[in-house]
Every structure is written in C-alpha cells, then in structure tokens.
Amino acid sequence: MESFAEGTAYVFGNNVDTDQIYPGKYVELTEPEEIKKHAMSGSSEPDLSEKFKAGDIIVAGTNFGCGSSREHAAITLKEIGAGAVIAESFGRIFFRNAINLGIPAITCKGIAAFIRRGDRVRVDFTSGEITDLSTGKKFQAEPMGDYMMNILKSGGIKPMIREMQRKKKAEREKP
Amino acid sequence: MHALEKILARSAERKSVHAGEIVNCKIDIAGINDLYYQTVKSFYEMEGEKVYDPEKVILFFDHYAPCATEKQADNHRKFRAFAKEQGITHLMDINEGVCHQLMADYGFSKPGETIVITDSHTTTHGAFGAFGTGVGATDLATILVTGKLWFKVPEIIRIRLTGTLQKGVYAKDVILHIIGKLKADHAVYKAVEFAGPVLKEFSLSERMALCNMSTEMGAKTSYIEPDEITETYLAEHGITDYTVYRTDDDFQYAEDLAFDVTDIGPQVAAPFSVDNVSDLKQYAGTHVDQAYLGSCTGGRTPDFKIAADILKGKKIPAGTRMILVPASRFVLRECMEKGYIRTLLDAGAALTAPGCAACLGIHQGLIAEGETCISSTNRNFPGRMGNVKGRIFLGSPATVAASALNGEITDPSEYL
C-alpha cells in the first residue's frame, strides 16, 4: 500500500447505493476487465470508467455504497484505479468489501460539501490528513483502527489468508 | 450482555464481548448466492483447498432462477461443479426460491445461530433470534477457508413498538414508517432489536419483513427475542435443537426508541430511496403499470392470502399488469393448495418461478422508462427494477393487491 493517494476528485451525493455504483444487470460478469467498464454507470457519472485515471479519488456524502452486498461495486472501483474512496459514512458491506480488496475507504465527516468535482485531492493514509490542493482546504479523516489498517497494508484480505494457508501447508508437509 | 453479544461470544469462544471490539467468530451457516461466483474465485485466489465444513455451506440459486442469459447459466454450471468437488450437498437449485425464505423453510434459521450469507438482507434471520448478517464474496470466501469471520461487535438500538395496528397496516408499513423517520443510514454498523407488545400481533412472516428491512436503515444485524410465536413456528417445522440467549436486565442500549403504531396508516416509500416514506394517501390515485408481489420481504404465504382476499372474483384493469413471485417452492405449493394462486391468476396476474426475479432488475418483470411499479419488495433505488427512469413505490402486499385492483395506488383498508 502506498502511503498517500493524489488525484482528481469525482464527487457524489448521499446514499449512493450499489445499484448506482454497479447496476444489477452486470452482476453476472466475473472478469475484472469487464466489471471495470460499468463503474458508476447507474449514477450521475455514468461514463466514469472512460474519464477516470488511475489514482483519481471518489468523494461522497453519507452512506456511500448502501444496499446490496455485491462485491462488484468495490471491484469496479478498484479496477478503474481509485486511489481512495472518501465518504462521510459508508454502507457497512461496501466498507468491508473495499477494505478486503485493499481499497482505502476513508471516513471523513462533512467533507462532501467542500470538495468540488475536478479538484486535486491528496490523502495521507498515515496521518489521515486530506488536502484539497485546488483550494488549500484541509480535512482530518477518522482513524481507521489497527485491524482494518493491517488488512489494507497487506494489500487486502486475500494475501493475508493466502499467507496463512501457505504456512499451514508448510507445517503439514514438514517431515 | 445483550443476547446478540452472547451469540457472538459463543461463536468467538469467549466469555464476554463488548461493543466496539473486534471478534473472530465461528460461522454456523455460510450461504452463497448464485450471483457471486466471485466467492469461489476468491476462495481459490486465497489458495483454499477444501471448504471448512461442507455441511455448513449452502449454495442458493435464487437471483438467476431460472437463468435468463448464457453467462448466468455458465455461472450456475461452475457453481454446481464446485459443489460436487467440495462435497456440498445443500445446493438449492433453480426450483427452490429465495435464500432467506429457504433458510426458514428448511429450518436452518433458528435461535442462537451465527448466519452469514452473501446477501444484504441476511438481517432477516433476527426474526428467529439468530445473528444474521450479509457480507461480500471475499468475506464469504474467508469463511470457506477458515470457518471464521471477524466482526466489530455492534452497538444495539432497541425499537419498541406500542399501540394498536389499524386495519390495512402491516409490518411492512410499520418498518417503512420507521425508516422514513430514522433515515437510511441511522443504524449503519449497528444492530436493531425490535421489541414491544405489537410484536405479539406479528407472525413469523411479518417479523421476517421487519428484520429484513432493517438493512434499509443500514443495520448490521437485527433481533427479536424468541417467544411463544417463535417456539410454535419452530415446533411446527420440527426444529428442537436450539439455544435461546436472553438479554441481561442491566444491558444498556445505544438508543432506546419507541414508536406508537396507532397513528400509522398504510405507508409507501416513493422513488428513489427507501427512506422517502409518506402516508399512502399522498400518492393515492397514481397510475401503476406494474404491481409486483414477491421477494424475501413480501412474498410469503400470508402475503399471497391477503392479495387473494382483495382480488377474489375481481379483474385487474387493462393498463396494469400484476406479477407474482412466490418466495420459495414451499410458498408456491402452499399458495396453490390454498387456492390463492388460482384466485390471483383468475384476476389476471402472471406467475413466475420462485426467486429474486425483478426485485433487483435481473429478469421476470423489468419496467420501462417512465413506468411506475408498486412493489412489496425492499428497494426502490434508481434502476433497481429496470430502467433508471422507471419509478418504484414500495408498500405492503395488501397495498400492492389493492393498487393492482384499481390500476392506481390504493389504500387497501377499504378492501379488507
């Protein structure tokens, strides 16, 4: 995991649900390359996947990712290269999915009203400081907690479990 | 401790747990839905070899039952192969129905259990006194590999329901009213317990609707303390091996709320969010192109009974179509035996296979741009049931049936 992200902000409102992030009709897709194409396609930025550059940042209001458990919502944002997803609060399943996939999901109350679409934003994951480089405004994210930070630092939960599996296997195969 | 904390403590093999701490819990039931083949992919990406306990894993072919596209069919094919390879015998194929209803029908859902399914409405199982929560594919894959999953022990909100239910008012109206007041993010990361004397008026079916919809306030899980209604239901289904955990008298709730249901009339959630709730009368007379009766929220036998009572001997007018989606094959069979299906077909309704169907805009009843649907389901997000400019109003099964009868949003109380 990088210690910071810096990119262009795409700003969304409150209660952006997973049907907006990733419509149900595309849930049958299983390949990341395909899932990527439909990022935010049910939202106010339906062509986000074409504009978005790796490292750009999603900023949203409260309850971002509420609704369905579909991991596709997190996968699609990972695959378009979201440097961070910052919201005032998250739907709980989306939050878990994002952390599990190694996407920094950062909670920062009151931020959505101050960041404009197109602003350059920098997030320091160590200090939790978020800076709008276009306006100079600074914000402080809520601390993530060691458990979740540890998953993020490992690049998501898959490498952690994989490592555990390998250790177990090595134990088993010891003469 | 709260009963939910006692369940988590038991699952985490701990004497006690408290809100805010992270615990690693053994999972009693791990359910995978057919639209998340990602779960199997993640399992292998984690170098999983054998699932932790094939008896505790259930595959549900509900969202795509039966398949509408080749891609869906291919995902089902791969899932069947996975089940065979792993020795998973609980494979609920396309003839079975929606996961949450099957959990009840087959007796998997019972007090004291820790239930995790890849579906957000897994809060439903609080109606049985279980800890039920929805997760994503990779979390579920973690369970398949390790048998465990981490949870932050939630703070608990108690919602006490008091007063007298008016005619035409059901659990769905009560929960819509509550969501309208508390809003869609009120309970995020928290648990919601329903309590109070009104629960004695609610069957297990109605209680499932309450707990199911707590997801729409953001709840992690939901809970109703098992009582004689729960015990009777379980006994009727031949389930005797369970443990009921009781909340300690001195337990401190994060919030203790009360709602008097006496003044609540039939409610609707108007487009495009579940917390956009009003008295039905505000929208009475709105033309409906489609009336949808079904889902894990409002597709059970008592829901079909109400609809059949309202539509018996009547005709749904031209310009309105009604779609019936029984929550499971058991529901369908019971509704057939009791004549509800025949009554509804005679009124002009169309019957589809048990499953999730159009509830999430996959198949079997999508709506077009500019169309309006009154639905007994749980979400009315933009595009949820088809076109993003299609409008979904959520209401009780009675409201759906009365609205089908008149081709417009209608207060059901005058037809009961």
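**Notes on a strand and a contact**

I began at B:Ile117, which stands opposite B:Gly134 in β6(B). The model is predicted: local features need pLDDT of at least 70, side-chain atom pairs count only at pLDDT 80 or more, and totals for chains, interfaces and linings use all residues. Residues are numbered from 1 along each chain as its sequence is written, and chains are lettered from A and ligands numbered from 1 in the order in which they are written.

I looked up the terms next. Strands (E, at least two residues) and helices (H or I, at least four) are DSSP runs numbered from the N terminus, and two strands pair if DSSP finds at least two bridges between them.

β5(B) and β6(B) (residues 131-134) run parallel, joined by four bridges. I found B:Thr114 opposite B:Phe131 in β6(B). β2(B) (residues 29-33) also pairs with β5(B) in the parallel sense, over three bridges; there B:Ile29 has B:Ile115 as its bridge partner.

Then I checked the faces of β5(B). In a regular strand, side chains alternate between the two faces of the sheet. B:Thr114 and B:Val116 on one side, and B:Ile115 and B:Ile117 on the other, are all buried (20 or more other C-beta atoms within 10 Å of a residue's own, C-beta atoms being placed from the backbone).

I traced the open sheet of chain B as β4-β3-β2-β5-β6, with parallel pairing. β4 (91-92) and β6 of chain B each have a single partner strand, so one side of each is left without a neighbour in the sheet.

Last, I noted that the contact takes 34 residues from chain A and 44 residues from chain B (C-beta atoms, placed from the backbone, within 7 Å). α7(A) gives the largest share of chain A's side, six residues.

Conventions
A residue is buried if 20 or more other C-beta atoms lie within 10 Å of its own, exposed if 12 or fewer, and partly exposed in between; C-beta atoms are placed from the backbone. Two residues are in contact if their C-beta atoms, placed from the backbone, lie within 7 Å.
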